[in-house]
Amino acid sequence: MKKALILALSLSLTGLAAQAQSAAVKPANAQEKVAGPQIQFDEVKYDFGSIKQGDVVDHTFKFKNVGTQPLVISNIGVSCGCTTPDWTKDPIMPGKTGSISAKFNSAGKMGMQNKVLTIESNSAGGNAMVSLVGEVKDAASANAAPTMTVESKSNGVMDEKDAKQKSKMGDNKIKAKRKSS
């Protein structure tokens, strides 16, 4: 009788340990469903690089509702009037995708830019943010090709030092002629 009781207890403890272990081990890519709607973006920052002043950047941020209830975006706030958002207005069902289009007009802007869009929704995670980043350069300097003037020696022969300096300045087609002494 004692042996049967010990055996039954031992099997019970082994089963509990196996259940606890299987519950604790989850695949690395496993994603738990959140109770309620949950927004998840493919990317939260878009780097548009360098543009000239006056150019318009148009980018679409894609997202998925990884929650268990419909996701509704009620508003998108922008950090500047130069950025105009448009988004999926219909409720996004669980497992489905939507998009947010952001247009940034660089007229009157210069230098590094970081335009933030704040997504107001019923997401369980609260408000989300995405951003457009990049540099706006002066239209006049962006169109002009870099120019360079290099004065040569009075004898018209360029020595190695002058050729290396010109090469560093961007003209790789110059070859130096050695002066003979």
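## Aromatic pairs

Two aromatic pairs are found in the structure, which is a predicted model. A pair of aromatic rings is described by the distance of the centres and the angle of the planes.

## Lys-89 and its contacts

An aromatic ring also takes part in a contact with a charge. The charged end of Lys-89 lies over the ring of Trp-87, at 4.0 Å from the ring centre.

Lys-89 also has a charged partner. The structure contains one salt bridge, and the side chains that meet in a salt bridge are those of Asp-86 and Lys-89, with 3.0 Å from N to O.

Strands of a sheet pair through backbone hydrogen bonds, either parallel or antiparallel. In this model, four strands make up an open sheet with mixed pairing, and their order is E2-E8-E7-E4. Strand E2 (45-52) and strand E4 (73-78) are at the edges. Each of them has a single partner strand, so one side of each is left without a neighbour in the sheet. From one strand to the next, the twist averages 20°.

## The pairing of E2 and E8

In which sense do E2 and E8 pair? The pairing of E2 with strand E8 (residues 128-137) is parallel and runs over seven bridges. Lys-52 stands opposite Lys-137, a residue in E8.

Conventions:
Residues numbered from 1 in each chain as written. Predicted model: local features only at pLDDT ≥ 70, side-chain atom pairs only at ≥ 80, totals over all residues. Heavy atoms only, no water. Pairing = 2+ DSSP bridges. Helix = DSSP H or I, 4+ residues; strand = E, 2+ residues; numbered from the N terminus. Axes fitted to C-alpha atoms, helices over the stretch in contact; angles between N-to-C directions. Phe/Tyr/Trp six-rings, centres within 6.5 Å; stacked < 30°, edge-to-face > 60°. Lys NZ or Arg CZ within 6 Å of the ring centre and 35° of its normal. Salt bridge = Lys/Arg side-chain N within 4 Å of Asp/Glu carboxyl O.
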